[in-house]
Amino acid sequence: MKKLILSFLIIQLISSCTKEDVYEPFIFDNPEIEVAIPVNFPELNNSFYTNKPTKYGVKLGEKLFFDKKLSANNTISCSSCHIQANAFSDGISEAIGIYGRVGFRNTPPVQNMAFMQFYNWDGNKQALESQPLVPIITHEEMDSSILEVISKLETEEEYLHLFYNAFGDSKITGDRIYNSIAQYEYTLISANSKYDKVKRNEGETFTENESLGYKTFQNKCATCHSTELFTDQSFRNIGFPKNPNTDEAGRARVTGKTEDISRFRVPSLRNIEYTAPYGSFGQFATLKEVLDYLDNGVLEVENLDPILKENNNQIPITEEEKDNLILFMKTLSDTDFIGQ
């Protein structure tokens, strides 16, 4: 009899439950995003494989990239200096951060980060995931701390929800912030320029002058600006005007070696049309100025790149070659990437 009564009570309890009382368990579903690897691009950076872009990781990273709360006074975001229309550079000689503070280097573009082996002009970071902390804590940039950033984000329901979807719980940590920003940046791939379409036989052809410029590029530029990234990712001193800021030492800031003084990472030429001014601190306003300087002769320095030393500290280029070379470099412009 007791068993019958117990069974009856259980049936009554179940039947009294409404739909609102039935909760389905949370299913963590954050699929990886397939990143299209362009033909003939270099190998992916090793850190990419341990932090592959995911649906919600990228969504979170993009929101963080454009959020000014990462700075101490809520006025500067990553996107303040990395502007899409400039191939995620900023169009000024030296980056300007919080309270109008001026840095001592030109803002590098953010493109094809998944394939880079070094980041920043001096290559002080080899994993993209360790890079976001630099601008957050740098006095001339955001002048904040990761703990301050976390405390701001924890007060916003939208962020708690995004972290929950991206990582399975709503805990906000420094590593999760860095990883999600890196995931977003991994998706910023530029490989749809006229040059790319010509190479893929998609109906585009170089003009006669662009073809001549490409020939000049192959003869006089391709050693350093090699691979489909148009950089060999090496560090070189090519005798550009020296930065008057005494804190600048180029690659030597990382290695401590005197032979690395004023050596900088060879920049990619992709989207070069949009990333003026040029040089580690924006020494040159135009591509023509860069080519004129190389043609006229660079600074004599002890660790000048051998290519220049062997050619009397210059790369001789005729005026016609300069014009055509610039036309070729403009074929590396990816209007889809910059949002046009």
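1. Contact here means heavy atoms within 4.5 Å. Helices (H or I, at least four residues) and strands (E, at least two) are DSSP runs, numbered from the N terminus. With that in hand, look at helix 2 and helix 7: G57, V58, L60, G61, E62, L64 and F65 in helix 2 meet I177, S180, I181, Q183, Y184 and E185 in helix 7. This contact divides into seven nonpolar, four polar and two charged residues. For these classes, Ala, Val, Leu, Ile, Met, Phe, Trp, Tyr, Cys and Pro count as nonpolar, Asp, Glu, Lys and Arg as charged, and the others, Gly among them, as polar.

2. A word on the model before we go on. It is predicted, so local features need pLDDT of at least 70 and side-chain atom pairs count only at pLDDT 80 or more, while totals for chains, interfaces and linings use all residues. Residues are numbered from 1 along each chain as its sequence is written, and side-chain values use heavy atoms, with hydrogens and water left out.

3. Now for geometry. Two packed helices are described by the angle between their axes and the distance between the axes. Axes are lines fitted to C-alpha atoms, for helices over the stretch in contact, and angles run from 0 to 180 degrees between N-to-C directions. Helix 2 (residues 55-65) packs on helix 7 at an angle of about 95°, with the axes 7 Å apart. Helix 2 and helix 7 are therefore roughly perpendicular to each other (angles under 35 degrees count as roughly parallel, over 145 as roughly antiparallel, 65 to 115 as roughly perpendicular and the rest as oblique).

4. Helix 7 has another partner to find. Helix 5 (residues 146-153) packs with helix 7 at about 85°, and their axes are 10 Å apart. That makes helix 5 roughly perpendicular to helix 7. I146, V149, I150 and L153 of helix 5 make the contact with G174, I177 and Y178 of helix 7. By class, the residues of this contact are six nonpolar, one polar and no charged.

5. Move on to helix 11 (residues 287-296) and helix 13 (residues 319-330), whose axes come within 10 Å and cross at roughly 135°. That makes helix 11 oblique to helix 13. On the helix 11 side the contact is made by L287, K288, L291, D292 and D295, and on the helix 13 side by E319, K322, L325, I326 and M329. There are five nonpolar, no polar and five charged residues in this contact.

6. Do have a look at the loop between strand 2 (264-265) and helix 11, where P277 lies. A cis peptide bond joins A276 and P277, with omega about 0°. N271 also has its place in the loop between strand 2 and helix 11. Phi of N271 is near 60°, a positive value in a residue other than glycine.

7. Finally, I189 is worth a click. I189 sits in the loop between helix 7 and helix 8 (194-199). Leaving aside residues up to four places away in sequence, I189 touches V35, A36, P38, N112, F115 and F337. I189 and K55 are 134 residues apart in sequence and 16 Å apart in space, C-alpha to C-alpha.
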